[in-house]
Amino acid sequence: MADMSEVIPEANHRLFVGRLFEIVRNYNIKVLMPTSGFDIYPYSENRDKLAEMGAYAVVSDRETLEICRDKTLTFQCLSNKNFVEVPFTTTYPDKIRAFPVIAKPQFGKGSRDVLKIEDESDLRYMSSKFDNMIFQEILPGTEYTIDVLSDLNKKALMAVPRIRLQTKAGISTKGKIMRNDDMEITCMKIAEHVGIRGPCCIQMKESPEGVVKLLEVNPRLGGGTIFTTLAGANFPAMILDMVMEGKELSSLPKVSEITVIRYFEEVVIRDDVKAEELSDTFPESTVLPKTHSLG
């Protein structure tokens, strides 16, 4: 879908930054918008060097990234603030007073290794298998993702909540945009307090009493940001306006309450077709009929 493409090392590889600089120079890149939980770190650490090359990296400072990455720091940063509710959270198994609880990695990503602990026996087994886990009260209610956009000076501009109706590997595959003034104001305050520059997505969930509590802050565009775009708030386009045009967004877009369902599309290519023979539009003689599977 891109006009040009390059193959680069993984974000934690020693050659990543050098290759990044090379690509920025070769293509005269002006704006960088990282979208994963991995490349935000080298982009942030090299913001000044990239700026000297004429490329603006829309990413938060390393201190903010660390607050968001380490869930214990996230809750320490926000636990005493009167604008947000946080769940009971501890890294110490002996502080757990009631079961069940949720155990998750302190530095987790994409819902990996999230476990439900039913009793002391489960707790002992989990503690013997995993390190660096945190324990939280279970929040069984509705789950929300809130996309928040802040300006380049870390002032929160707008927030767009959606209900997570279905997720796969931590990514929303079905969701409903819903406006909620209280939730939007809360998430904008969260973004400003932790120091977000540009986009972030915040996860929240309801307690048994219906209280919406914070789960995590992801300092980047979320995997479901397209939901917000389809509802009327195109965060990447707004970021480009701020960076390239130096605009202050005096008026914000109107957001519609919509439901979005994502699905996979399979394209099957016969084995006897060589890669170099494929064009932008596949000849019908070489491609089997497409099938669609609901996500």
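These legends go with a set of close-up views of one predicted model.

The model is predicted, so local features need pLDDT of at least 70 and side-chain atom pairs count only at pLDDT 80 or more, while totals for chains, interfaces and linings use all residues. Numbering runs from 1 along each chain as its sequence is written, and side-chain values use heavy atoms, with hydrogens and water left out.

**View 1. The whole fold.** Here's the protein with its nine helices and 14 strands (DSSP runs numbered from the N terminus: H or I of at least four residues for helices, E of at least two for strands). Its C-alpha atoms fill a box of roughly 65 × 50 × 45 Å along the principal axes. Buried residues, meaning those under 20% relative accessible area with a 1.4 Å probe and protein chains only, make up 42% of the 295 residues. Take the contacts (heavy atoms within 4.5 Å) between residues at least 6 apart in sequence: 61% of them join residues at least 24 apart.

**View 2. Helix α5 and what covers it.** Spanning residues 71–78, α5 has six of its eight residues buried. Those six are Lys71, Thr72, Thr74, Phe75, Cys77 and Leu78.

**View 3. Serine 150 in strand β7.** Zoom in on β7 (residues 143–150) and you'll find serine 150, buried with a relative accessible area of 0%. Setting aside neighbours within four places in sequence, serine 150 touches Lys155, Ala156, Leu157, Ala191, Ile196, Gly198 and Met242.

**View 4. Two arginines over rings.** A charge sits over a ring if NZ of Lys or CZ of Arg is within 6 Å of the ring centre and within 35 degrees of the ring normal. Arginine 47 does this with tyrosine 56, lying over its face at 5.3 Å from the ring centre. Arginine 162 lies over the face of phenylalanine 227, at 5.1 Å from the ring centre.

**View 5. Cysteines without a bond.** With a disulfide taken as a pair of cysteine sulfur atoms within 2.5 Å, the count is zero. For cysteine 68, the closest cysteine sulfur is in cysteine 200, 7.3 Å away, so that's too far for a bond. Cysteine 201 also has cysteine 200 as its closest sulfur partner, at 6.9 Å, again too far for a bond. Cysteine 68 is buried at 7% relative accessibility, and cysteine 201 is buried at 3%.

Definitions and conventions: Buried means under 20% relative accessible area, exposed over 50%, partly exposed in between (1.4 Å probe, protein chains only).
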